[in-house]
Amino acid sequence: MRRPVRDSEDSHRKLTRRALVMGGAMAATIAVLGGRMRYLGVDQAEDFALLAEQNRVNIQLIPPDRGLITDRNGKLIAGNEQNYRVVITREGAGDVEAVLNRLSHLIPLTRGDMERVLRDVGRNPSFVPIPVKDRLSWEEFSRVTVNAPALPGVSPDVGLSRVYPRDTDFAHVVGYVGPVSEKDLEGIENPDPLLRIPKFQIGKIGVEKWREDVLRGAAGNRKIEVNHVGRVMRELERTEGEAGADLMLTIDADVQNFVQVRLGEESASCVVMDVTNGDIIAAASAPSFDPNLFVRGISSANYNVLMQNDHRPLANKVVQGAYPPGSTFKMVTALAALADGSLDVETTVRCPGYLEFGGRRFHCWKHGGHGKVDLARSLAESCDVFYYEIAQKVGIDKISEMGRRLGLGMRHDLPMSAITEGILPTKEWKQTKYKQDWRIGDTINASIGQGYVLASPLQLAVMTARTATGRAVVPRLIRAIDGVETKVAEAESLGIPESHLEAVRAGMNSVVNSQHGTSYGARVAAADKKMAGKSGTSQVRNISASERETGVVANTDLPWKFRDHALFVAYAPADAPRYAVAVVVEHGGGGSSAAAPVARDVLLRVLTGALPDPADYPETQRKRIQSMLEELRLRNPDGTMPAEKKV
Amino acid sequence: MSFLEYRVKFAPTGFGKVLYVNWGLYLVITACAAIGWLMLYSISGGDMDQWAGPQMKRFAAGLVLSLMICLTPIWFWRSMSVAAYCATFVLLLIVQFFGVVGMGAQRWIDIGFMRLQPSELMKVALVMILATYYDWLPDRRVSRPLWVLVPVALILAPAALVFLEPNLGTTLMLVVAGAGVMFAAGVSLWYFAAVAGVFGAGVAGIFLLRGTPWQLIHDYQYKRIDTFLDPSADPLGAGYNITQAKIALGSGGWTGKGFMQGTQSRLNFLPEKHTDFIFTTLGEEFGFVGAISLLTLYAVILVFLFWAALQNKDRFSSLLLIGIAMNFFLYLAVNLAMVMGLAPVVGVPLPFLSYGGSATLVLLIAFGLAQSAIVHRLR
């Protein structure tokens, strides 16, 4: 051996010592590892077992089918259609851009679509499907499906989406659905988990919004086992949801269509009510818009067009519009005076064409005055001074009280958005609102439905129905939910003596049917369909004294937005009321000329049950009416639009 | 001089060698590998061909190689150690310039039938050359500064190359295993104390200078440290691996969910479930009992190695055995500490269980050398 033995023995003892130290350190480390294992696996096992289960099982919601909405005869107003779309996942596609380029040869993809997809793909985990294109035609959809092998990561997908086959007819009544927004979630305490599903549609306005509770249905769910990237491995459990309830409206889709088309492009609204049970047969607001645009996501250009239109197509004027009711309010003043005893059928007032009061002149619409006027004539010829006189005796509070009994100045609870209460002023109301005393001049203005008084077309229709029946008719829009009829209690009597109502109805009858009546031009010839009504022309501007001197400027010479509102309320048949109608044509001019003909056409349409027969009109008007009716572009009974007429 | 020193020393020769092989050690190793095959079979969802089959073939081939090494005299391997070190070092250089980039780092060299990781081979070669060096070096020079610098250079040269790949785990193992051999060889404790002091100061500096303009490492490296210290802060990002591994281990309980019943690994929640994180599946499916059993097997292997090292009077053999034990221990300790959330995530496989050729092969070569030292011990 080269080395001295002692050296070797010393070094070996040292090695043994140090090896033992190392071994001890290793043993200690292994003990620590074992302790750690015990801590994780035994002491904390319960916590971790729970976490592992959560890792594994995901719960997915199955969106329920939204309830259908039909008209009173079962015609579809809002349905669900198959929405064919394609989605893409990054992990499947690899090179997303290349796949999109290939896809763009099969379906139309804009530059913007592709940029949006690329952006969303970048923002989400690689397994999340990003919608590429919605609402593909069947042909495009099958083209993608057939070419699937060449399009990795692209998968065709079918969902349900809301569709409104009678688009513009029901935009205001039924409203539309749209994706849930942050605003929708505000104020909901425990939001339905469904609302968290991306692109889940909920009602935004109209029936869709206000009966969301029954239309939505209940979500089903499926428990699925997922792997680490969230891909579904298998389904563990499935609970089917509950489809939303189907709603049947009181509206007759064909009548609604007629009314909508009849209003045309005017800024107008019209509501038709069944006076026996309050069913709303039609409620149209013009101009309208296509709710399907909103479901699909309206472009800002289209939206701006709707917003900037001075005819306000987005507003549901039937319930949102608050107008001075003008002369249509005279029934209220008359009934209040009759109830008060300050008026009876015999009472007469002399009308010189104006009333002097407190140094102010309140004019009658007829420059020369009506002479001696009684109740019947005051309605038929719409004498203003008559009402100026009797209103002073009755006082505003009693007039407003009568208005409230007839359904004005109160909110009628319909599943519609932004329903106005209107205004029925009282002394107290003015004090609270303006901190001013009520003045007699205010009463005089209010007596003919000007000044502070405001009412919506719906309220005017209710007023007319109540006047025609003497019962507290309540409007209703939902006829049945899932086939179960909603109950209507027989309307209670208003407690107005029949003799008073008869007097007013006689006046309304002669408005249309007496030769001196303001709306004689809108009379009905057929004896069984005669209508009774009242016109109203409400000023939207002040007429100055100097203008009166030189002669009031004719409506047609004024800019559109300064023209008077034209109103007309009516019921028919005059001797056995069945339907009440209220028409408001904004800035339409005279109520008799602009609104009354619409009311007549609508009432004849609903009484006939088909397009009105020209024979029901006065002989001199038949030719004109016939061609007007032929011009109307009505829908086919199945809801489709007729083919464009060749010019 | 006692009677014993006059006894004729002998080493077994010929077929007689087979009797002196420590078959118990091979048996325990095979038991560990068998646990690995079970786990691989379970992770692949009962598919023999995916991982378990190839791994068994590799182990069998490695075992044959190991036996061949074991029957070759230990003094032959001592004479080969310089050549082995130099050859492996050249391989490391080749990897640096021609290697295949895998997992974001240059670690592999493609030699046709398999991909070789020279850094794994270096673990054995480094232990061999250090053992040879201290066998040759006279005892009185062991703690002389100049003679300490030589092994330090032998350690740091390959460690630097591996660090550049970059492969932090293997770099640490090379340095610590090398230091272990130096410690066993009797290098003065003052050197170790000095290095520990400098290292401690460095760590303190890293943390104290954070956020100042003089910070010593990149922000993303700080983030990794943060993630290690509190994985729940970033559960879906960098902390994901650790959190999921802990969930798997923890959900096993005392006896586990049962063979093939683990949800974490089968559903792919676990990253690297068949390689570095294979222990999590064991913990999930066989629970605390299974994990402790494996730890016990590992401890038995270490006891065998240390016992052989202490018995052996040949300095080269002793140091080689201690170095191999050190390496083996580092594999399992770093891997288990990482999987159980006690150490940062560095790529170190679990010996004999993790799927992969290089590590298994290198371990079997190392145990072949250890057995050779055992067989050729002078008796």
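Here are some notes on chains A and B of this predicted model.

1. Chain B in outline. Of its 379 residues, 45% count as buried. Looking at contacts in chain B with a separation of 6 or more, 69% come from residues 24 or more positions apart.

2. Helix 6 of chain B.

3. What helix 6 of chain B packs on. Its buried residues are B:Pro151, B:Ile155, B:Pro158, B:Ala159, B:Leu161 and B:Val162. Which helices do these buried residues pack against? There are helix 4 (74-98), helix 5 (118-136) and helix 7 (168-185), each of them in chain B.

4. The annotated span in chain A. UniProt, in an unreviewed entry, lists residues 20-39 of chain A as "transmembrane region". In the model, that span is 100% helix and 0% strand. The C-alpha atoms at the ends of residues 20-39 lie 28 Å apart.

5. A helix pair in chain A. A pair of packed helices is described by the angle between the axes and the distance between them. For helix 14 (residues 330-340) and helix 16 (residues 384-394) of chain A, the angle is about 45 degrees and the axes are 10 Å apart. Angles from 65 to 115 degrees would count as roughly perpendicular and those under 35 as roughly parallel, so helix 14 and helix 16 of chain A are oblique to each other. Helix 14 of chain A passes helix 16 of chain A in a left-handed crossing. On the helix 14 side, the contact is made by A:Lys330, A:Thr333, A:Ala336, A:Ala337 and A:Asp340. Helix 16 of chain A brings A:Tyr387, A:Ile390, A:Ala391, A:Lys393 and A:Val394.

6. You'll find A:Ala282 in strand 12 (residues 280-286) of chain A. Is A:Ala282 buried or exposed? The cut-off for buried is 20 or more C-beta neighbours within 10 Å, and A:Ala282 has 29 inside 10 Å, so A:Ala282 counts as buried.

7. Leaving out residues up to four places away in sequence, A:Ala282 touches A:Ile251, A:Asp252, A:Val255, A:Gln256, A:Val259, A:Cys270, A:Val271 and A:Val272. As for A:Asp254, this residue is 28 residues from A:Ala282 along the chain, and their C-alpha atoms are separated by 9.0 Å.

Notes
Residues are numbered from 1 along each chain as its sequence is written. Chains are lettered from A and ligands numbered from 1 in the order in which they are written. This is a predicted model: local features need pLDDT of at least 70, side-chain atom pairs count only at pLDDT 80 or more; totals for chains, interfaces and linings use all residues. A residue is buried if 20 or more other C-beta atoms lie within 10 Å of its own, exposed if 12 or fewer, and partly exposed in between; C-beta atoms are placed from the backbone. Two residues are in contact if their C-beta atoms, placed from the backbone, lie within 7 Å. UniProt positions are given in the numbering used here, feature names are shortened, and annotations may be inferred rather than shown by experiment. Helices (H or I, at least four residues) and strands (E, at least two) are DSSP runs, numbered from the N terminus. Axes are lines fitted to C-alpha atoms, for helices over the stretch in contact, and angles run from 0 to 180 degrees between N-to-C directions. Angles under 35 degrees count as roughly parallel, over 145 as roughly antiparallel, 65 to 115 as roughly perpendicular and the rest as oblique. A crossing is left-handed if the near helix is turned anticlockwise from the far one by less than a right angle, and right-handed if clockwise.
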